[in-house]
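Here is a short tour for a first look. Keep the sequence and the 3D view side by side.

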Amino acid sequence: MEQLIPIASKLQDVLGAVGQNTQLDLPQIVVVGGQSSGKSSVLEGIVGRSFLPRGTGIVTRRPLILTLVNTRTPGYEHSQESSENQDPNSDSDDVGVEWGEFVHMPGRKFHSFQQIRVEIVRETDRLTGSNKGISNDPISLKIYSPHVLALTLVDLPGITKVPVGDQPENIEEQIQEMLLEFISNPNAIILAVTAANTDVANSDALRMAKAVDPYGNRTIGVLTKCDLMDPGTDASDVLLNRVYPLRRGYIGTVNRGQKDINEDLSIRDGLSKEEQFFSNHPVYSTDRNLMEKCGTKILAKNLNNILMHHIRDVLPDVKNRITTMMTDVTLELDALGVPGQKSRNTLGGTLLGLLSKFATNFASIIDGKALVELFGGARINYIFNDIFSTSLMTVGPFDGLTDEEVRTTITNAMGTRRALFVPEIAFDILIRRQIARLESPGIECVDLVYEELQRIAGQSEPKELNRFPFLRERLCDVVSNLLKRCMSPTQMMVENLVKIELAYINTSHPDFIGGARAVAAVTNRSVNLQPIRTSELPEGSTSETPTSQATNSQFFNAEGENEGEQTPYGPPTIVHLPSVPTTMKQTDIPPSDRELSEMHVIKSLIESYFKVVRKTFIDMVPKTIMFFLVNHVKDALQNELVSELYRESEVETLMKEADDVAQRRQNCEEMRDLLGKALEIVNEVRDFNTFSQVE
Ligand code: GDP
Ligand code: MG
C-alpha cells in the first residue's frame, strides 16, 4: 500500500490547494465474513499494523471504522525518502511517529498498539457488555502515521447463526443488517472473507456481497487460512475462479494463527511466513497463475490497482478545477500589476494608461458598446423616452388651471370696458402660466441623467484602479467636479428653454390653432351654448354651472330699477350703494353665454399652443442634456483627468499602492506556483504506471 502513499498524498495536497471541500474520496475497504474467518487478521495484514483484537469466538462485536491519516509534513516534497529511512512495516509496540486516537476519547494519544487493542476491547464491552452482545454503533479509530495511505477500513463482526451469551434470538438478522449497511455503500470495496477450510458454496460473505454488488465490480474474494486445509487438499479451484466465479477473483492468504499471536510474531514475520508457505507449497508454487492469486501482498496490490483507478477517475475533474483557478489567479495578478515600478516614467505611464482606460470605458458605456442590457447609454435613453417624455405627456394644458381662473382672467383683462373680441391678453397671461409648469420636469430630467452619469463613472473604473486608493479617490473627485460643473449650464439651458418660449408667444406657429379658427370652432359648437364639456378639462377642475343662489347676488342689487318707486309717498330717500365687497368672486354669478364662449375660445387657444410648446420641450430637453451634459462630460473627461491628475510632482503620491496589495500579490503568486505544481502532479499521477511501480 505504501507505494500509493506519495501519489495519494500529493493529490491530497493538490486538492487541499484547490479548495478544502474537495476530498480525495478513496473507497472504504470493508471486510465481511463468517465469525473467526480471519477478517481482522486480513485487515491487519493490509495495514501492516497489529492493533486489532483477534481470536476465537466473537471478538469483533461493534463495527470498527479505522481511518488512516497521513501525517507527512505538508508540501510536495513528500516523504518518500523518509519512508525508506523508517521502516513502514515495523509493527513494534513503540508507535513513535505513529499514534492512534479514538473519536470517543478526543485528544488522548495512544502510543502503543497494545493499548489501542485494550481500548477497543474496553469500548466494545462498555456498550455491549462482556457476554458476547453486539452493537451496530461503530467505534472510530484514527491512526496517524507518516507511512500510511489515507484510507478508511471497516472491520465488522462476523456472521453468526446461533445466539450465544447475551445475544438476542435474531442475532443473525441483526448482524446481517449491520453488514449490509456498510457493504451497500457504493464507495466500499468488499473483501468477502471465507476460510479456505470451509466450503465457499456455503459462504455467507459471498452471498451477501452478491446481494449488494451483483456484478462483482467491487468485491474481492479472500480465502484465509490456506495453511489449515486438510493435507492433500488445496484451494486452487476456488482461486482460479472455477467454483464460485467472481469478477475480480480470489486471493488466498495465510495470516498469523493463534499460536503466532500468542508468540508475538510480528506482522512482518507473519508475511514472510506466508510467502514461504505459498512458495514451498507443492501445488501453488508450481502454477504461475495460482501464485498470482496467493498472498497478502498480492491482495494489497489488487487494492492498489483499484485505488489507482479510482484516483485516475477523479483526475480530469481535478485538472479542470486547477485550470480554472489558474485562470482566475492570473487575471487577478494582472489586475494587481507588476510591483516595483519605482521610476517616475513608468509610474506616469501606468497612471496615464489608467486615466485613459477610465475615459474610454466611460465613453463606451455611454455609446452603448457595453454588452449588458439597459446599461449606460441605454439607460439615459430610457430616462429620456420612458420617463421624461411619458410623464411630460401627462402634463395637461389646463393642469392647475380652473375654469373660474380662466373666466376671472378674461374679465380682468377686459378692464373697465367690455372688449369686442376675446381679449388676447387673457390668453397671453394664462399660456405663460402653463408653459412655466414645464420647467420642473425638465430640471428633474437633468437630475436623473446626472445620477446616471455618476453610476456610469462608477462602472468605468478599471479593475487595476483598486490597487491605487489615492488615485481612485482623486479620480472620483475630478469626475464628480466635472459632472457638477456641467450641471449648471445644463440646468440653465433647460430654464432658458422655458424662458425662450415665454419671450415670444408665437401665435403664427403653423401648428397653432389661431384666433379665428378657435372662434369658429366655438361658434360651431355654441348653438346650444353648452358649457365646456368636462371631459375636455383636466381632472380637478369642473366647469361652473349657473346656480339659483347666484341670482340673488347682492352685487347686482345696486342696479335695481324699482328701488325708488317703492316709496312714492314718503320723503325722497337718498340712494345708498351697497359697499363693494373687498374680494369679488365671479363664482357667485353664473357665466353668461358670451362669457362661456369666450372661455371656450381661450381654452382652445391654450390647449393648442401648450401642445406646440410641450412638443418642442420634449424634443429640446434631451438634446440640451446630451449637448451640455452627457457629450460634454464624455468629450472633456480624458483631458480633464490628465490635466488634473497627471502632474510630475504628484505621480508618486497618486500611484502609491494600497497596503494590502503587496500581500494580495504575494498570495496570488504563491497560489499560482502552487497550482502550477499541482498541475504537474496531476499529470505525473496520470502517467504513473501502476503495474510496473506498485509491486
Ligand atoms: P475474525 O473473527 O473474522 O475477525 O477473525 P480473526 O482475525 O479474529 O481470526 C480468528 C482466529 O483465526 C485468530 O485466532 C487468528 O489467529 C486465526 N487466523 C486467522 N487467519 C488465519 C490464517 O490464515 N491461518 C491460521 N492458522 N490462523 C488464522
Ligand atoms: Mg474480527
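## The magnesium site

Thr-60 is buried, as its relative accessible area is 16%. The model is predicted. Ser-40 also counts as buried, because its relative accessibility is 9% and the cut-off for buried is under 20%.

Ser-40 (OG) and Thr-60 (OG1) coordinate the magnesium ion (ligand 2), at 2.2 Å. The pair links distant parts of the chain, 20 residues apart. Ser-40 sits in helix 2 (residues 39–47). Thr-60 lies in the loop between helix 2 and strand 2 (64–70).

## Around ligand 1

How many residues surround ligand 1? There are 18, and the closest are Lys-39, Ser-41, Asn-255, Arg-256 and Gln-258.

Now the polar contacts. The side chain of Ser-40 has an N or O atom 2.9 Å from an oxygen atom of ligand 1. A polar backbone atom of Gly-38 is 2.9 Å from an oxygen atom of the ligand. Asp-227 places a polar side-chain atom 2.9 Å from a nitrogen atom of ligand 1. Taken alone, ligand 1 exposes 580 Å², and the protein buries 95% of that.

## Helix 14

Helix 14 covers residues 403–414, 12 residues in total. From first C-alpha to last, the helix reaches 17 Å, close to the 16 Å expected at 1.5 Å a residue. Gly-415 follows helix 14, with a positive phi near 65°.

Which residues of helix 14 are buried? They are Asp-403, Glu-404, Val-406, Arg-407, Thr-409, Ile-410 and Met-414. The buried residues of helix 14 pack against helix 15 (424–436) and helix 20 (593–645).

Conventions: Residues are numbered from 1 along each chain as its sequence is written. Chains are lettered from A and ligands numbered from 1 in the order in which they are written. This is a predicted model: local features need pLDDT of at least 70, side-chain atom pairs count only at pLDDT 80 or more; totals for chains, interfaces and linings use all residues. Side-chain values use heavy atoms; hydrogens and water are left out. Helices (H or I, at least four residues) and strands (E, at least two) are DSSP runs, numbered from the N terminus. The expected span of a helix is 1.5 Å times one less than its number of residues. Buried means under 20% relative accessible area, exposed over 50%, partly exposed in between (1.4 Å probe, protein chains only). Contact means heavy atoms within 4.5 Å. A residue is near a molecule or strand if one of its heavy atoms lies within 4 Å of it. A polar contact is a pair of N or O atoms within 3.5 Å; within protein, one must be able to donate a hydrogen and the other to accept it, and residues adjacent in sequence count only if both atoms are side-chain atoms. Accessible areas come from the Shrake-Rupley method with a 1.4 Å probe; for residues, only the protein chains shown count as cover. Donors are N, O and S atoms within 2.8 Å of the metal (3.2 Å for Na, K and Ca); water is not among the atoms, so sites may look incomplete.
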